[in-house]
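Visitor: I have a model open and would like to talk through its side-chain packing. Could you take my questions as they come?

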Amino acid sequence: MTANEGVPYDAVVLAGGGAARLGGADKPGVRVGGRALIDRVLAACSGAGTTVVVAAPRPTARPVVWAREEPPGGGPLAALDAGLRHTTAELVVVVSADLPFLGDRTVRRLLAALRDSGADGAVLTDPGGRDQPLVAAYRSASLRREIRVLHESSAPCEATRHGSGLAGRPLRLLTGRLDLTRVDDPVAAFDCDTWDDIATARARIREHGHVLDEWISAVKEELGIELDVDTGTLLDLARDAAHGVARPAAPLTTFLVGYAAARAAARGGAADGAEAVAEAARKAAALAARWADEDRQDPMPGAAQAEAVTGAHPQPASGAAPEALPQAAPAAPGATSDATPDAGPDAG
């Protein structure tokens, strides 16, 4: 656990936009890497005490509190006000629901920057250096203070006509009154406003350098697994089983390691799931090494004498060299590189 994982916070996810540039499609439900955009954002905020989604209710991979701005579709300022009413933590992470590359690491960076700076908020900046106020962490008291000022500055007739009086007003009216610190993370700042943005995000996820981490994250989310596993250890185990035993041994061994780890954790034989996996993987790796080492044992009795007389060398018991694993597949054609602009905020 890092020093920042224990910082308590709530999260407000704004997911009620009209997605005009997507032709009115259900943007939060668009899938990138097998997961809906909103579920990817919710996973990034999994450390929140309370997560509020401002939108019409929908099925989500994680439990949330639903809220609605007044009137519906009243814009981000009204939506933020509606979501904030359901939070109690001193710090609140505010994000849009269209950030395919937002992760918990970026959320922790924002919280750490906010805590260490003493500012009202910490916002992500995009590749052009522009603030992204919907990928940010704020002090709840600062947001409530300035929202109250904006409420009081609204004409009575405007408040009656536009619900809270915040509908249709730009978010910069609020953020412009705050003392902000900045965090640079152009990948996390990439948001999906158009179908070209969606295509770019999907292509990047399938690049060789990203696909494995993305796949593991998607599988854990699908199976409801909250486990930080050392994938390097499991990959090494799979390699050793494939080389030293037989190629099909790789997936079967890793499955058995997971099964054994689950049993150990259920019996209380390990402090947590990750420790149970690591212990089971160590045992299986040691077995694979012993199995492979049988081909390199000392010659049978009398073999050394026969070798001295004939000059022949004893052959390995298997008589066959271990198969090599296939090389990693190249990046998918047309995939963007890490040097390609990753897009705006991890947000949307």
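Visitor: Which charged end sits over the ring of Phe101?
Guide: This is a predicted model, and in it the charged end of Arg204 lies over the Phe101 ring, 5.1 Å from the ring's centre.

Visitor: And what about aromatic pairs, how many does a search of the whole structure find?
Guide: The search finds 1 aromatic pair, formed by Phe101 and Phe190, with 5.9 Å centre to centre and 40° between the planes.

Visitor: What does that geometry count as?
Guide: The pair of Phe101 and Phe190 is tilted, since 40° between the planes falls between the limits of 30 degrees for stacked and 60 for edge-to-face.

Visitor: Are they buried or exposed?
Guide: Phe101 and Phe190 are both buried.

Visitor: Switching to the nonpolar core, which residues have the most contacts inside the largest one?
Guide: That core has 33 residues, and those with the most contacts inside it are Tyr9, Val53, Val93, Val95, Leu102 and Leu111.

Visitor: Which element gives the largest share?
Guide: Helix 3 does, with 5 residues.

Visitor: What is Val93 in contact with, leaving aside its neighbours within four places in sequence?
Guide: Its contacts include Tyr9, Val12, Cys45, Val107, Leu111 and Ala136.

Definitions and conventions. Residues are numbered from 1 along each chain as its sequence is written. This is a predicted model: local features need pLDDT of at least 70, side-chain atom pairs count only at pLDDT 80 or more; totals for chains, interfaces and linings use all residues. Side-chain values use heavy atoms; hydrogens and water are left out. A nonpolar core is a set of buried Ala, Val, Leu, Ile, Met, Phe, Trp, Tyr and Cys residues joined through side-chain atoms within 4.5 Å. Buried means under 20% relative accessible area, exposed over 50%, partly exposed in between (1.4 Å probe, protein chains only). Helices (H or I, at least four residues) and strands (E, at least two) are DSSP runs, numbered from the N terminus. Contact means heavy atoms within 4.5 Å. Rings of Phe, Tyr and Trp (its six-membered ring) pair if their centres lie within 6.5 Å; planes under 30 degrees apart count as stacked, over 60 as edge-to-face and the rest as tilted. A charge sits over a ring if NZ of Lys or CZ of Arg is within 6 Å of the ring centre and within 35 degrees of the ring normal.
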